[in-house]
Amino acid sequence: MLTVHHLENSRSQRVLWLLEELALPYRVVHHKRDPKALLAPEALRAVHPLGKAPVLVDEGQALAESGAILEYLVERYDTGHALSPPQEPAMAEERLLYRYWMHYAEGSAMPPMLLTLVLRRIRNAPMPFFARPIARAIVDRTLAGFVSPQVKLHLDWMEQALDGGGWFAGERFTAADIQMSFPIEAAAVRADLRDYPNLRGFLERIHARPAYQRALEQGGPFSVAIG
């Protein structure tokens with residue numbers, strides 16, 4: 001049976017969701033964050049040297065990185081291509097879009113979201129009173145001059161990609177939408193989506209999927225406010 005080492009409020013929720021969509025049997029090993037540092041526990045280092053989640057164990061082989069895990073599961077178990085485009089033709093539009101969004105999610109969309117989180121934490125961190133105005137001024141200028149414009153750039157791009165009410169790789173739901181869920185969930189917490197009806201609609205549609213809801217039952221309450 002497949003085993004998922006799952007960290008609360010993390011990218012590993014996507015792995016549980018894909019497993020539910022594929023109707024594969026699996027077991028979950030739950031790990032909790034350090035209550036102060038909000039980092040993964042040291043116990044995860046026994047599973048993978050980086051000590052991070054998710055980690056999938058299949059036939060004794062440990063696989064890390066959520067995108068790589070999703071691609072592995074689809075390539076090995078989605079033989080009917082219910083959640084992925086066929087391998088051929090390689091230049092088919094659905095396949096090109098699918099590959100792009102699978103890598104865009106973490107390679108381009110998440111870094112500005114993560115920077116927003118880190119900078120806001122720095123702004124609100126305890127520090128000597130004389131350092132506080134300097135630190136906050138640096139954070140505010142960085143957010144206004146670089147990070148926030150980058151967030152808007154990517155939100156605009158994702159909104160445009162969903163024009164017409166489809167999914168990221170085309171008219172049907174695929175694993176690329178599971179991969180893209182995390183940056184959009186993060187955007188809903190760290191940015192303002194009032195001007196992005198397509199992104200809001202995307203979240204409503206994925207939250208309504210039975211497999212998404214079953215994954216929450218397996219993984220526990222989910223929020224990207226801290227991860």
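Ala-23 is exposed, with a relative accessible area of 65%. The model is predicted. Ala-23 sits in the loop between helix H1 (12–21) and strand E2. Its backbone stands out: phi is positive, about 55°, although Ala-23 is not a glycine.

Glu-65 raises the topic of positive phi again. Here phi is about 75°, and Glu-65 is not a glycine either. The residue belongs to the loop between strand E4 (61–64) and helix H2. Glu-65 counts as exposed because its relative accessible area is 56%, and the cut-off for exposed is over 50%.

Next come the cis peptide bonds. One joins Ala-53 and Pro-54, with omega about 5°. Pro-54 lies in the loop between strand E2 (26–31) and strand E3 (55–58). Another joins Glu-88 and Pro-89, with omega about 0°. Pro-89 is placed in the loop between helix H2 (66–77) and H3.

Now turn to the interior. In soluble globular proteins, nonpolar side chains tend to be buried together. In this model, the largest nonpolar core has 54 residues. Helix H3 (residues 93–124) supplies the largest share of this core, nine residues. Leu-18, Leu-73, Leu-155 and Met-158 have the most contacts inside the core.

Take Leu-18 as a way in. Leaving aside residues up to four places away in sequence, Leu-18 touches Leu-70, Leu-73, Val-74, Leu-83, Ala-175 and Ile-178. One of these partners, Leu-73, is itself among the core residues with the most contacts.

Note on methods:
Residues are numbered from 1 along each chain as its sequence is written. This is a predicted model: local features need pLDDT of at least 70, side-chain atom pairs count only at pLDDT 80 or more; totals for chains, interfaces and linings use all residues. Side-chain values use heavy atoms; hydrogens and water are left out. A nonpolar core is a set of buried Ala, Val, Leu, Ile, Met, Phe, Trp, Tyr and Cys residues joined through side-chain atoms within 4.5 Å. Buried means under 20% relative accessible area, exposed over 50%, partly exposed in between (1.4 Å probe, protein chains only). Helices (H or I, at least four residues) and strands (E, at least two) are DSSP runs, numbered from the N terminus. Contact means heavy atoms within 4.5 Å.
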